[in-house]
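Here's a quick briefing for anyone opening this structure for the first time. Take a look at the sequence and the model, then read on.

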Amino acid sequence: MNPQVALAAGRLGLSAIVQMFNSYQCEATRREWVRTHYDALLEKVKLEQENLLRYYEMKFAERRESLEHFYWLLHEATENGNALHLQGALYGILDIIKTDPLAEYDKFVLAYQDPDTVLEI
């Protein structure tokens with residue numbers, strides 16, 4: 001084999017090795033970037049899940065309390081024959097049932113993320 005051909009082949013081989021090493025480093029950097037962003041995105045999703053569960057707990061506790069009150073009023077109205085209270089209880093129950101429990105979720109998230117806001121049911 002000609003020494004010049006051998007030297008050219010060696011340079012070509014070295015160049016390929018350097019290229020592969022640089023490619024490996026670049027891909028390692030990309031993998032780290034993906035890992036970092038994956039963790040951040042996963043943390044964001046977990047926080048959103050926590051917010052949503054807390055909102056559901058608060059909202060449905062509020063709805064349950066109101067419905068219990070209206071059902072008690074409905075029972076009392078039927079026992080006493082009070083048509084006005086009966087009508088008020090039925091309207092109250094229907095109003096609660098018709099409302100969307102997620103209607104104010106965006107306001108809740110903003111309030112929940114603000115440390116100065118006191119959350120109340």
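A residue counts as buried under 20% relative accessible area, exposed over 50% and partly exposed in between (1.4 Å probe, protein chains only). This is a predicted model, where local features need pLDDT of at least 70, side-chain atom pairs count only at pLDDT 80 or more, and totals for chains, interfaces and linings use all residues. Residues are numbered from 1 along each chain as its sequence is written, and side-chain values use heavy atoms, with hydrogens and water left out.

**A buried asparagine**
- Asn51 has 1% relative accessibility, so it counts as buried.
- You'll find Asn51 in helix 1 (helices are DSSP runs of H or I, at least four residues, numbered from the N terminus).
- Skipping residues up to four places away in sequence, Asn51 touches Tyr105, Phe108, Val109, Tyr112 and Gln113 (contact means heavy atoms within 4.5 Å).

**The nonpolar core**
- The largest nonpolar core has five residues: Tyr55, Met58, Tyr105, Phe108 and Val109 (such a core is a set of buried Ala, Val, Leu, Ile, Met, Phe, Trp, Tyr and Cys residues joined through side-chain atoms within 4.5 Å).
- Helix 3 (105-113) gives the most to this core, with three residues.
- Leaving out neighbours within four places in sequence, Tyr55 is in contact with Pro101, Leu102, Ala103, Glu104, Tyr105 and Phe108.

**The aromatic pair**
- There's one aromatic pair in the structure (ring centres within 6.5 Å; planes under 30 degrees apart are stacked, over 60 edge-to-face, the rest tilted).
- Tyr56 and Phe60 form this tilted pair, 5.6 Å centre to centre with 35 degrees between the planes.
- Both sit in helix 1 (residues 3-80), four residues apart.

Conventions: Rings of Phe, Tyr and Trp (its six-membered ring) pair if their centres lie within 6.5 Å; planes under 30 degrees apart count as stacked, over 60 as edge-to-face and the rest as tilted. Helices (H or I, at least four residues) and strands (E, at least two) are DSSP runs, numbered from the N terminus.
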